[in-house]
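Trainee: I am new to this structure. Please take me through one part of it, the aromatic rings and what surrounds them.

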Amino acid sequence: MNLDFEKGNGLVPVIIQDNRTQQVLMLGYMNKEALELTQKDGRVHFFSRTKNRIWLKGETSENYLYVKSIKEDCDSDALLIQVKPVGNVCHTGTFSCFEEKKSKGFLYELEETISERIDQKVEKSYTYDLYQRGINKMAQKVGEEAVELVIEAKDDNVKLFKDEAADLIYHFLILLKAKSFSLAEIEKVLMERSSK
């Protein structure tokens, strides 16, 4: 990484983005030392222009930003850091400094929750219980939910149709986990198909 810190008088703007939902969370600034600390520690550090010092995001709230990737822009004078946020990001107590949490991209959070419940063997969890019952039962549930969605598609009850669609996607994510595939891999297949 060969960032141009001189252009911004020793600082570069840093866009913070949720790595799962892709929602922009905040904008901050880094100097070289803050970037080095971020790379070393794995949590985002900024340079505060008002306090004239480096600060660890979450140092008082413990709402840390865990780094998933760091990319520089085409001019090497700005950064995009994708993170896994812990708690709300904005100092006002909201999820993001720009807008409230959106449902778009939530499937990745749900996928992570499903994975955690299975990996951590969470007792009294429907997800883990279904997983424990084996691949045949998981596949059967996906089939059942698909049939129920087809039935609701023939009727005019919007709520029931949406509920069955949600059930199908939820069970599909459990099946993906059982087969050791990710939602991103399936998206990639769809993306490749769309370019043909």
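Mentor: Arginine 43 lies over the face of tyrosine 64, at 4.5 Å from the ring centre. The rule asks for NZ of Lys or CZ of Arg within 6 Å of the ring centre and within 35 degrees of the ring normal. This is a predicted model: local features need pLDDT of at least 70, side-chain atom pairs need 80 or more, and totals for chains, interfaces and linings use all residues. Residues are numbered from 1 along each chain as its sequence is written, and side-chain values use heavy atoms, without hydrogens or water.

Now the ring pairs. There are 3 aromatic pairs. Rings of Phe, Tyr and Trp (its six-membered ring) pair if their centres lie within 6.5 Å; planes under 30 degrees apart are stacked, over 60 edge-to-face, the rest tilted. One of the pairs joins phenylalanine 46 and tryptophan 55. This pair is tilted, with 5.3 Å centre to centre and 35° between the planes. Phenylalanine 46 has 1% relative accessibility, so it counts as buried. Tryptophan 55, at 22%, counts as partly exposed. Buried means under 20% relative accessible area, exposed over 50%, partly exposed in between (1.4 Å probe, protein chains only).

Tyrosine 64 pairs with tyrosine 66. Their rings sit edge-to-face, 6.2 Å centre to centre, with 70° between the planes. Tyrosine 64 is buried because its relative accessibility is 16%. Tyrosine 66 has 35%, so it counts as partly exposed.
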